[in-house]
Amino acid sequence: MLPYLVRRLLLLIPILLGVSLVVFLLMALIPGDTAQAILGPFANEENLTALRAEMALDRPLPAQYAAWLGNILQGDLGTAHSLSRPVADEVFERLGATLLLAGTAFLLTCLLGLGAGAIMALRQSTWVDRTLTFAVLAGISTPSFALGLVLVLLFAVWLPWFPASGLYSVTGDGGAPDLLAHLALPALTLTLVTSAIVARLMRGQMLEVLRQDFVRTARAQGLPERTVLFGHAFRNALVPMIPVLALQAGYLLGGAVYVETIFAWPGIGRAIVAAISTRDVLLAQGCILVVAAGYVVLNLAADVLQRWLDPRLDR
Amino acid sequence: MKLVPRICIGVLVVAALLALFAPWLPLPDPAATQLDRRLLPWFSEGHLLGTDLLGRDLLARLVAGLRLSLAAALAATLLALTVGSVLGIVAGYKGGRTDGVIMRAIDFLMAFPYLILALAIVATLGPGLLNGLAAIAVVNIPFFARTTRGVTLGLARQSFVEAARLSGRSHLGILRHEILPNVLPTIIVTGSTTFGWMLLETAGLSFLGLGAQAPQADLGSLLADGRQLMLVAPGVALLPGLVILVLVLALNLLGDHLRDRLDPRLRHAPAGAPGAATTVIAPFSTLSTNKPLLHVDDLRVAFNDQPTVKGVGFTLEHGQTLGLVGESGSGKSVTALSLARLVASPPGVITGGAIRFDGHDVLTATPSQLRALRGRRIAYIFQNPRSTLNPLLTLAAQVGQTLRAHQGLTAAEARKRAAALLEEVGLAPAADYLDRHPHQLSGGQRQRVVIAMALANDADLIGADEPTTALDATVQKKVIDLLLDLQKKRGLALLFISHDLGVVKAVCHHLVVLRHGELVEAGPTAEVLANPQHPYAQALVSKSPRL
Amino acid sequence: MLSAEKLTKTYPGRPPAHALRGVTAAVSAGEIVGVVGESGSGKSTLARIWAGLDDATGGAATLHQRPVADWLARDRLGFHRRVQYVFQDPVESLNPRLAIREQLATPLRLLRGLPPADARDAVGELLAQVGLKAEHADRHPHAFSGGQAQRIAIARALAARPEVVICDEAVSALDVSVQADILDLLRELRASHGLAYLFITHDLAVAAEFCQRLIVLKSGEIVEQGAANTVLANPQTDYTRTLRDSVFSL
C-alpha cells in the first residue's frame with residue numbers, strides 16, 4: 001500500500017503539469033492579442049507593454065509557459081481586470097463558498113443516493129422500486145437550473161421558509177444559523193440531481209452483487225440477514241461506486257455553476273461564468289486551474305480509497 | 001410494446017415534428033416585439049401561452065427554442081458519439097499501445113471536472129451556441145469512448161472474434177461484421193441517454209448566457225429570460241423548464257426500455273433480487289415414521305413457473321454419502337440447495353413436497369429456525385471456489401463469521417478456532433493464511449477454505465455441489481481424499497452432487513440419477529453402475545470415458 | 001505436417017511467466033495427437049501458436065516446413081485453409097448477432113473462394129455433415145444447445161477442408177452423453193475427410209479413448225510423449241503416473 005501511495009503521489013506531478021499546460025494553452029489559443037485579453041479592453045499601451053515583458057508574451061510558447069508556471073508556483077495568478085484585485089485572493093475566497101456547498105451536497109448525495117439505490121435493489125420489481133426508479137429518472141432528467149427556480153418559488157416565495165439568495169460571504173456575521181438557512185435550497189437542488197444518478201448506478205451494482213455466489217455462501221453459513229446485506233452485499237457494491245462518487249464530486253464542483261447563479265451563491269462557478277462574460281481571462285484561468293487541480297487530488301483520494309477497500313487491486 | 005415507451009416515442013415524435021416544421025407553422029414571428037401587448041396571460045387572443053416582457057408570443061418562442069435546442073443537442077450527440085465510439089472500438093480491438101495512447105488521452109480529458117472543461121473551452125472560444133455545442137461534445141467523448149471500449153474489449157476476448165479471423169476475415173471485416181453489430185446496441189442506448197444530457201447541458205450553457213446569444217434563443221435562454229419575471233409570471237420561466245424535463249425524461253425512459261430490450265443479459269434477468277430463503281407454496285408433511293437424518297419426499301421446484309424438479313425423493317443417514325448424478329438441467333443442484341432453502345427466490349419457488357431434517361420440517365421453518373440450521377447443522381461446499389468466497393474479506397473473517405454467528409465466539413476466539421480449522425483442511429501453518437484474501441490462493445486452496453467453513457460448526461450434513469469440477473485432476477484427488485477422511489472422522493452425512501460417474505463411484509454409498517428434474521434410477525452405487533436399469537442410466541454409464 | 005522446434009513463450013511481467021520452455025513436437029498427416037497436462041502446463045499456448053493465434057517468443061512453429069509467421073505474412077488465407085481450430089466454449093465461439101448461415105458462409109467464401117450465393121447455399125450441406133438440419137441455418141446461436149453449437153463450430157472448421165483441426169478442450173464444457181456423441185462425430189469426419197487432430201484436453205480418460213499419440217506437458221515442458229496406450233499403461237515419469245492415478249475411472 002505504501003509504495004503504491006508514493007507512486008501515485010509522484011504521478012500527481014506529471015498530471016498536474018499536464019492540467020496546467022491545458023489551462024495555459026486554452027488561454028494562449030485565444031484569438032487576438034493575449035495582453036489585451038488579459039488586461040481588458042480599457043488597458044493603456046504602457047500597461048500592455050509591461051505585461052508583455054512580465055509574461056514573456058513576445059517570446060515562444062514554451063518560454064511563456066515557463067514564466068506563467070513560475071508565477072503560479074509563487075502563488076501569483078495575476079490580477080483580475082474586471083475586479084481590479086489579485087486573482088488568487090478572489091479564487092480562494094470563492095473556493096470556500098463552493099466547497100461548503102459542494103461538500104454538503106456530496107454528503108447528502110452519498111447518504112441519499114447509496115441508500116435509495118440499495119433499497120431499490122432489495123425491493124426490486126416491487127412498487128417501492130418502481131416508484132423510486134421513476135423518481136430517479138425524473139431527477140436525472142430535471143435541469144438543475146429549472147429545479148432551483150421551482151424550489152425558490154416553493155420555499156422562498158410562496159412558503160417563505162428559506163432565503164432565496166443574499167449570501168455575500170461565507171465568513172459573514174450572520175453566524176451558523178444564517179449560513180445553514182442560505183445553504184438549504186442550493187444544497188437541496190444539487191443533491192436531488194446527483195443522488196438520482198448515484199442511486200441509479202448503486203441499484204445496478206447492488207443487484208449484481210446480490211446474485212453473486214458469495215452472498216449465497218453467506219446465507220448458507222446461517223449469518224443474520226443484516227450481516228448478509230450490509231457486511232457482504234452493500235460493502236461489495238460500494239467499491240465500484242467510489243469512482244462514480246468521485247465523478248459526482250467533480251460534477252458538484254462544476255455543476256454548482258447553475259445553482260450558484262440561481263441562488264447568487266458567491267462560489268467559484270459563478271466567478272467563472274462572470275469571468276467568461278467579461279472576458280476576464282486571468283480570473284477564468286485561475287478558477288479553472290484551482291478547481292481542476294482539486295479534482296485531480298480528489299480522484300487520487302478515490303483511487304487510494306478503492307485500493308484500500310479492495311485488496312484485489314493491490315498488486 | 002408497453003405503454004410507457006409508446007408515450008415516450010409519441011412525445012419525441014411530436015417534439016421532432018414541431019421542431020422540423022416550426023418555420024411553416026401558423027405562429028407569429030417569435031422575434032416580433034409588441035410593446036403594447038406585454039405580459040399577456042395564457043389563452044389571450046392570438047397568444048395561446050401569452051406574451052413575454054417585450055410582447056413576443058411565448059408559444060412561438062417556445063417552438064423556436066425547441067427547434068434550436070434539439071438541433072444543438074443532436075449535433076453535439078452525433079459529434080461525441082462518432083468520435084468517441086470510433087476511438088473506443090479501435091482502442092478496445094487493437095489493444096496494446098494503441099489502446100494505451102487513446103485511453104491516456106481520454107483519461108486526461110477526464111482529469112477535469114466535466115462542466116469545468118466545457119466552461120474552459122467556452123472561455124477560449126468565446127460564448128456562442130456553436131462554441132458551447134462543441135465544448136459539450138468534447139467533454140462527452142470520454143463517456144462514449146470508455147463505454148464502447150469496455151464492450152469491445154469484452155467482445156474481442158471472446159473466441160468468436162478469433163474464429164472469424166480463422167475464417168479468413170480481415171481486421172476491418174471483423175470490426176465491421178463481427179464487432180460493430182454487437183456494439184451497436186450499446187451505442188444506441190448510450191446515445192439516447194446522452195442526447196438527454198446534451199439537451200440539459202446545451203440549455204444550461206444558454207441559461208448561463210454562454211450558449212445561444214440574443215436574438216437566438218433556445219430553451220435555456222428562454223428560462224434565463226423568464227427568470228427575471230419569476231415573481232410576476234412564473235409560467236414564463238417554468239414552461240421551458242417543463243419542456244426540457246419532459247423531453248429528457250422521455251429520452252431516458254426510452255433509453256432504459258431500449259437497454260432492457262437490447263441487452264440479452266437483462267432480458268433474461270430474474271424478476272427480483274433473491275431473498276433470504278426460497279419461497280415455499282403448498283408443502284405437505286406426511287413423513288415417514290422411521291427417522292432418517294434427511295428425508296426428502298416428492299420435492300417440486302419451479303423457476304418462473306417452469307417445473308425444474310418434478311417430484312424427487314430420497315433419504316440419507318449419518319455417515320453415509322448419497323450421490324446426486326445427472327447432466328446440466330437435471331435439477332441436481334436445485335435439489336441440493338432446496339435442503340436449506342437456498343434456491344434463489346425469485347425466480348425459484350418450491351411448489352410442493354416435504355423435507356425433514358433431523359426432526360425439523362425445513363419447508364415450514366421460520367427464518368430464524370432456518371438460520372439456526374444453515375451453517376450449523378446443514379453446510380455447503382459450492383462448485384466454483386473463485387466466486388463462493390467474498391473477495392474483500394480475509395480468510396479469518398470468512399471462517400470466523402459463521403463461528404461468531406452460531407457459537408457466539410468473540411473475534412479473538414473465532415480467529416483461534418478458524419486457525420485450527422484451516423490447519424485441519426491442510427492449510428498449515430494457519431498463521432500464513434489467516435490474513436490472506438481469496439485472490440491470493442490457488443483454486444484448490446480456496447476450496448479447502450470453503451470446506452473449513454462448512455466444517456466450522458460441526459454440521460451433520462454437508463451438501464457438496466460439484467466441489468471438485470473446477471479443479472485439476474491431481475488437486476481433485478487431494479480434495480476428495482480430504483473430504484472422505486473428514487467424513488470418516490466426524491461421521492458426516494454427505495450429499496455429493498456430480499456429473500462425473502468416476503468420482504461418484506469412488507465417493508458415494510448410494511446414488512440417485514436425475515434427468516430433466518425426474519428421478520430415473522436410485523440404489524447402491526455399485527449395483528447401479530454394474531447393472532443400470534433405466535435406458536438413460538445405461539447411456540450415462542456406457543458413454544462415460546474410461547481410462 | 002505441423003511441427004515445433006524448441007518453442008518458447010514467455011509473458012512479460014514480474015516475474016515473467018514461462019508458458020512454454022522449449023517444446024519440440026510434431027503432428028503428422030491424419031493422426032490424432034493428444035496434449036494433456038494440468039492448468040498452466042502450456043497446452044493451450046502450444047495450440048494457439050500452432051494455429052497462428054499467438055506469437056512464440058523463441059523457437060519455430062512450422063506447417064509443411066514453413067514458419068507459421070511466414071505463412072501469416074504471405075499467405076494468411078492459405079494457412080487458415082489448412083489449419084483450423086475448435087474452441088472450448090461453443091456458445092462463445094459463435095457471434096451472437098449473426099445467423100448461422102452468415103457465420104458458416106464466411107470461410108466458404110473467403111477460404112474456399114466460393115461466390116457469395118454459392119457459399120450461402122452450401123451451408124445446408126455443411127450442417128448435414130455434422131448431423132444438423134439445413135433449416136437450422138437461418139437461426140441465431142442462442143437457439144442451440146451447447147452440443148449443437150459445438151457441432152456448428154466444427155462445421156465452420158471443416159468448411160475450409162483443412163488438413164488439421166486443433167481442438168482446444170473442445171468437449172470439456174459438454175455433458176458426458178453429448179461429449180461421447182461429439183467424439184463419435186469427430187471420428188467419422190476424420191474417416192471421411194482424412195483429417196489430423198491436435199486434441200488438447202485436461203481429461204486423461206477422454207484422451208485415452210480418443211487419441212493415438214499423447215504429449216504430456218508440465219509447466220511448459222514435455223515430460224513424456226508416445227503412443228497413448230504405452231504412455232498410460234506404463235508411464236515413464238512420476239508426473240504422468242500421478243496424473244493417471246488421479247483419475248477416478250468407472
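The model is predicted; local features need pLDDT of at least 70, side-chain atom pairs count only at pLDDT 80 or more, and totals for chains, interfaces and linings use all residues. Residues are numbered from 1 along each chain as its sequence is written, and chains are lettered from A and ligands numbered from 1 in the order in which they are written.

Chain B touches chain A through 63 residues, which meet 64 residues of chain A. Two residues are in contact if their C-beta atoms, placed from the backbone, lie within 7 Å. On the chain B side, the elements that give two or more residues are α4 (114-125), α7 (171-207), α8 (219-227), α9 (234-262), α12 (367-373), α13 (385-388) and α14 (395-407) of chain B. Helices (H or I, at least four residues) and strands (E, at least two) are DSSP runs, numbered from the N terminus. The most comes from α9(B), with ten residues. By class, this side has 42 nonpolar, 17 polar and four charged residues. Ala, Val, Leu, Ile, Met, Phe, Trp, Tyr, Cys and Pro count as nonpolar, Asp, Glu, Lys and Arg as charged, and the others, Gly among them, as polar.

Chain B also meets chain C: 36 residues of chain B are in contact with 41 residues of chain C. At least two residues each come from α6 (159-166), α7, α17 (473-490), α18 (501-507) and α20 (535-543) of chain B. The largest share belongs to α6(B), with six residues. The chain B side comprises 15 nonpolar, eleven polar and ten charged residues.

Within chain B, strand β2 (residues 294-303) runs antiparallel to strand β3 (residues 306-316), and eight bridges join them. Strands pair if DSSP finds at least two bridges between them. V296(B) stands opposite F314(B) in β3(B). The two strands form a hairpin with two residues between them. In the turn, N304(B) has a positive phi of about 45°. β2(B) also pairs with strand β5 (residues 348-357) of chain B, antiparallel and over eight bridges. Here R300(B) has G352(B) as its bridge partner.

Chain C is divided into domain 1 (1-43 + 51-67 + 163-250) and domain 2 (93-161). These bounds come from an automatic or database domain assignment. The C-alpha centres of the two domains lie 26 Å apart. Ten residues of domain 1 of chain C are in contact with ten of domain 2 of chain C. On the domain 1 side, helix α7 (residues 176-193) of chain C gives the largest share, six residues. That side divides into eight nonpolar residues, one polar and one charged.
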